[in-house]
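Colleague: I am new to this structure and would like to know how its terms are applied. Please show it first.

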Amino acid sequence: MKSRYFAAAALLLFVLAYEAKAQFRFPMPEFESGYKHPEMNTPLPARIPAAVDITVLFVALAVTAWAVLKSRSRSMVFLIAIFSLLYFGFYRKGCVCPVGSLQNVVNAIIDRSFGVPIIVMAFFLLPLVFAVYFGRVFCAAVCPLGAIQEMCAISPIQLSRPVEITLGLLPYAYLGLTVLSLATGTGFLICRYDPFIGFFRQGASFNMFLTGGVLLLMGIFVARPYCRFLCPYGVLLRWASLFSKWHASITPAECIQCRLCESSCPYGAIVVPTPDDRSVDRRTGARRLGLLLLLTPVIVGTTAWTGMTAHKLVARLHPTVRLAERVAAEEQGRFAETTIDTDAFHAGKQMPAELYADANAIKQQFKYASAWFGAFMGLVICGKLIRLSVIRKSSDYEADRGACLSCARCFAYCPVVGPISQSDLRQECLDKHAQS
Amino acid sequence: MIWMAAVAVAVVSGLFSLIVSILLIANYVQVQAITPLDNPELLKLRQQLAATPDADANLVTQIRAMDLLTRKAFFTSQAHLKMGGYLLLGGVAALLAAWRTAARCKTRLPQPDVAPPRGSYWMSRARAGELVGFAGALWVVTALVAAFFTRLDFPGTGVSAPADSTQVAQAESAAAYPSWEVMQQNWPSFRGPGGYGVAHYTTAPMKWDAGTGKNIKWKTEAPLPGANSPVVWDNRLFLSGATESAREVFCFDTESGQLLWRRALDKLPGTPDKPPKVGDETGYAAPSMIAHGDCVCAIFANGDLVSYDFEGNLRWAKNLGVPDNHYGHSSSLLAYQNLLFVQYDQNKNGKLLALDLADGHEVWAINRQKISWASPICVNTSFGLELVVNSEKNVDAYDPLTGQPVWQLACLDGEVAPSPAFGGGMFFVANDNAIATAIRFGANEQTPKPEIAWQWDEALPDVSSPLGTGQHFYVATSRGQIVCLDSITGKVAWGQDYDNGFYASPVLVGDRIYAVDRRGTTYVFKTGPVYELIATSRLAEDVFATPAFMDGRIYVRTEKHLFCIANSNEP
Amino acid sequence: MSEKPKIGRRDFMRVAATVAAGGGAWAVARRGDEATVWQLDPAKCVQCGRCSTNCVLNPSAVKCVHSFQICGYCDLCGAYLQPGAKARDTGAENELCPVGAITRTYIEDPFYQYTIDEKLCVGCGKCVKGCNVFGNGSLYLQVKHDLCVGCNECLIARNCPAKAYERVPVRTAYLLKTRDNGVLVPKLNLGTRLDSGTGKQG
């Protein structure tokens with residue numbers, strides 16, 4: 001292609017280029033007919049002021065908290081969820097969202113030159129602050145990702161506890177991978193693999209649309225799969241919510257152990273009263289716990305070492321490492337064809353030696369980051385096992401503070417109406433309970 | 001009642017959503033196939049049209065129709081995707097609303113579940129613990145197995161090592177070949193020893209005239225045409241020539257000009273039936289030969305590479321593969337110690353090769369990305385011996401014995417034919433339609449780190465290679481300009497316009513520079529910041545090749561002849 | 001069931017945690033007061049075509065813009081015509097743009113005006129490549145901010161082989177080429193409209 005240009009250009013250039021300025025091949029035309037250049041159109045982005053979004057978020061969180069804790073109304077929560085879906089989802093196109101904002105904040109901690117706008121900071125902090133006081137009201141009705149799944153949760157099934165708890169390891173892994181990705185400069189994984197934002201902004205890759213669609217279809221039966229088994233921000237909300245001052249409670253007053261709410265939670269977040277018939281005695285239990293605590297450093301060490309060993313695999317996530325591999329492979333003749341990326345690389349100023357040096361530096365970063373990730377996962381696993389071994393006696397049906405999404409579904413299942421002492425309803429329920 | 005209505009709506013909207021989804025997916029798949037951006041059908045038609053010299057009306061109509069079709073289809077499908085998206089959203093919203101309503105209608109009063117069996121609570125907890133432990137173990141094992149099979153394949157530090165050759169073998173074979181000093185005393189390759197245009201002997205004649213025969217020692221015919229420059233070793237001069245069907249190497253006696261022998265190449269394994277198309281001026285024997293001790297090598301446009309001894313006995317021959325080169329392969333050969341360097345840069349799969357002169361086997365090879373028509377030079381710098389090559393975009397320097405890249409600088413552009421110049425520890429590269437760059441190195445560095453000293457973009461060469469003298473760099477262009485630039489500052493010391501352009505590269509002989517223009521007129525001028533023309537000599541024949549300079553002799557190849565110029569009062 | 005001091009301590013811890021987290025995060029992360037947008041540097045762009053295929057939006061938010069002051073208004077336009085075009089007219093067999101987004105208008109001998117219809121342009125960069133190879137480089141790709149949704153992580157930026165994308169303050173959203181010095185000038189965006197009356201993108 002170039003040779004044809006060369007021929008044509010040579011003729012033209014022989015005449016023009018000799019006098020032309022170095023930068024431009026062809027001189028500025030002189031128009032005799034009075035023609036004027038049109039101006040260029042450079043439209044500004046239309047941006048909603050940050051204050052508006054922050055206010056809407058605050059109000060939505062506050063109203064949800066009120067709906068869950070004070071007026072205990074499921075329909076109110078559902079309506080707010082629809083509003084959030086429409087506003088934060090379809091209108092604001094799902095970005096800025098608190099789930100993704102955690103990346104920006106973590107990145108700012110790691111990389112001091114990275115600035116975080118006030119709206120991102122607010123979106124990160126407000127749901128967490130509300131969680132510390134009111135529980136996961138953000139998840140209940142304000143998160144657009146949660147809202148779209150909530151719409152689909154029509155006939156939820158109950159998953160078995162073991163499966164639920166094991167799958168609950170995944171959000172920790174996702175959080176760990178996100179931080180690892182930020183620490184090594186690989187990019188924003190949460191934004192990249194957000195399954196629902198494609199629906200909000202009406203644009204995404206085919207694979208992400210497919211993933212989103214599959215998750216929503218699944219969500220009809222396994223309610224809120226992303227929230228329970230993937231959301232990395234949910235880990236932070238869970239931790240915050242564990243210390244919440246006020247939290248959604250199934251019963252408005254006292255629990256009468258009528259068991260009517262047992263299968264009311266689609267998210268398996270109801271803590272049942274501990275039965276007395278423990279097969280293992282206290283001492284054995286304590287010994288087991290002790291053993292587990294002793295083994296924790298070993299397990300964490302093993303997983304950290306595993307992470308470090310697997311760092312090469314993880315390093316392939318980084319585009320520079322992939323480019324270095326491809327450039328080296330082409331240089332060594334393992335590939336005959338070049339790719340767009342290697343063509344662009346060779347057209348640029350960087351030497352392959354520098355690229356390899358960069359890639360090696362990144363590989364080293366991945367070594368340490370993967371080790372930390374491994375250690376983190378080891379801690380999470382041990383934490384879960386310890387939690388399963390520690391028996392906290394509970395006599396009432398209550399919401400699991402960490403897992404409860406404050407969706408208010410269970411309220412309708414509880415027959416207790418307000419503070420009760422000697423009401424007929426209570427007696428009726430107790431009778432029913434005694435019969436079954 | 002409501003329930004039935006809700007179910008009906010749900011079913012209808014569900015089906016609707018399903019149909020729209022399928023249509024959307026089908027639309028997406030289809031638009032991938034007939035995208036106007038890289039449509040193979042359309043591309044084929046366009047290629048057909050480009051191949052024909054005149055616009056075939058039928059073909060034109062076909063292309064126009066196909067182009068309109070793909071564009072229409074593209075924009076229609078975009079609109080459909082958008083509309084479909086909204087419809088799907090609406091359909092799904094209706095489906096969900098209806099389904100919920102239906103489910104609501106059927107809600108039963110909450111019932112306590114069947115009481116779980118005794119001990120199930122504890123079993124469930126225990127199971128959960130087991131499962132978590134199992135998941136953890138599974139993750140560890142998978143990660144370790146995957147890690148075992150993963151290798152990151154790029155060099156740990158530095159760059160990919162080419163094929164190795166042991167130092168001992170190198171030294172042994174090297175001893176059999178001429179040293180750097182001996183090479184200096186001959187004209188072993190294009191632009192002299194090392195290939196950067198500096199003659200060892202300063203006794204060349206300054207004036208001659210082909211018309212009167214003044215100082216013309218002998219003139220003989222060059223049997224086959226070729227753009228390659230003569231190479232001389234002791235009293236032997238070598239040329240190659242080729243046409244579409246013939247490829248030959250010639251050996252002349254330097255005293256008498258007698259053709260001592262000529263050898264025609266046989267068809268080798270890999271030699272194509274017809275050579276590739278080459279430019280008219282390039283020809284089939286553009287690269288210059290090398291003469292090295294007791295052997296000579298020549299390479300031709302079809303990839304044939306051959307080595308003879310000084311008596312014309314074939315040493316070895318191979319075909320390197322037809323070069324993917326749209327003007328024709330022109331990079332000249334270069335030799336050092338036991339290695340023959342072939343700059344085989346192409347559009348794709350270019351290589352820089354080092355072959356063993358004894359039998360032609362590959363000692364090292366570097367994959368190269370960009371095409372080039374320039375030739376390699378081998379220079380002795382303060383960092384050691386470097387093999388320096390130009391290509392589109394880059395100047396690369398390698399260790400000649402091992403092929404290890406030493407440095408690289410991205411400072412070129414366009415289709416590069418001029419080879420690098422070297423002088424005063426600096427390199428100078430230039431190309432027409434691009435820029436000229438002077439490259440310098442930090443004085444106190446351990447390893448050479450190239451940096452751009454200055455750049456210049458006025459009169460630029462596209463065939464003739466520039467020359468470095470230490471204080472200045474000289475550029476001779478195809479438009480007939482010669483410019484002298486100060487090496488350190490890049491300022492123009494002087495510029496002269498001549499009647500005809502220069503294809504031959506200027507050569508430094510002592511304190512004089514010889515520049516031969518396309519019509520065969522040689523201008524001899526003094527080096528230095530002030531222009532001083534010493535002599536003008538005419539050959540009255542076209543000259544593309546760079547002359548060879550030996551003691552008191554100049555050998556010039558013209559379009560049809562070979563001249564030897566010497567002062568007539570010499571024996 | 002719980003004594004007052006315990007509640008008080010927990011409350012205090014909550015408040016402290018909130019303030020600490022908030023204040024700490026605030027202090028650690030420098031507040032980027034300015035809104036930032038994604039910007040493509042035409043000097044680095046290699047016209048690989050990924051701008052049209054990688055944007056999450058369809059069609060892409062990256063479009064070709066034309067710097068008229070640099071354009072040579074040539075009859076033989078490297079961006080409008082296919083290489084080796086048989087004739088210099090508006091026939092589809094001669095057009096380089098796959099979606100026909102460039103309009104060629106005769107002005108006066110020997111100058112032709114080339115304008116880009118943004119509604120059609122997909123940002124494939126073929127005309128940019130043509131203009132760079134044989135032309136003044138007056139056509140180049142830019143992110144249009146009335147279309148761009150401003151993703152936290154731009155998919156095009158991630159896949160750009162020349163690493164030509166970065167986040168810049170809104171003030172300097174567009175990198176515009178001018179003839180003054182041939183250097184790319186980050187222009188103060190005034191959202192100017194055309195005054196040529198053609199209604200098409202300039």
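The questions below turn to a sheet, a chain and a contact.

Modeller: This is a predicted model, where local features need pLDDT of at least 70, side-chain atom pairs count only at pLDDT 80 or more, and totals for chains, interfaces and linings use all residues. Residues are numbered from 1 along each chain as its sequence is written, while chains are lettered from A and ligands numbered from 1 in the order in which they are written.

Colleague: What makes strand 7 and strand 8 of chain B a pair?

Modeller: Two strands pair if DSSP finds at least two bridges between them. Strand 7 (residues 295–299) and strand 8 (residues 304–309) of chain B have 5 bridges, in the antiparallel sense, so they meet that cut-off. Within this pair, Cys297(B) stands opposite Ser307(B).

Colleague: Why are strand 6 and strand 9 of chain B called edge strands?

Modeller: The open sheet of 4 strands in chain B runs in the order 6-7-8-9, with antiparallel pairing. Strand 6 (290–292) and strand 9 (314–319) each pair on one side only.

Colleague: How many helices and strands does chain B have?

Modeller: Chain B has 6 helices and 32 strands, counted as DSSP runs (helices H or I, at least four residues; strands E, at least two).

Colleague: Which residues of the contact come from chain A, by class?

Modeller: Chain A gives 58 residues and chain B gives 48, with contact meaning C-beta atoms, placed from the backbone, within 7 Å. Helix 19 of chain A supplies the largest share of its side, 10 residues. That side has 30 nonpolar, 16 polar and 12 charged residues, where Ala, Val, Leu, Ile, Met, Phe, Trp, Tyr, Cys and Pro count as nonpolar, Asp, Glu, Lys and Arg as charged, and the others, Gly among them, as polar.

Technical notes:
Contact = placed C-beta atoms within 7 Å.
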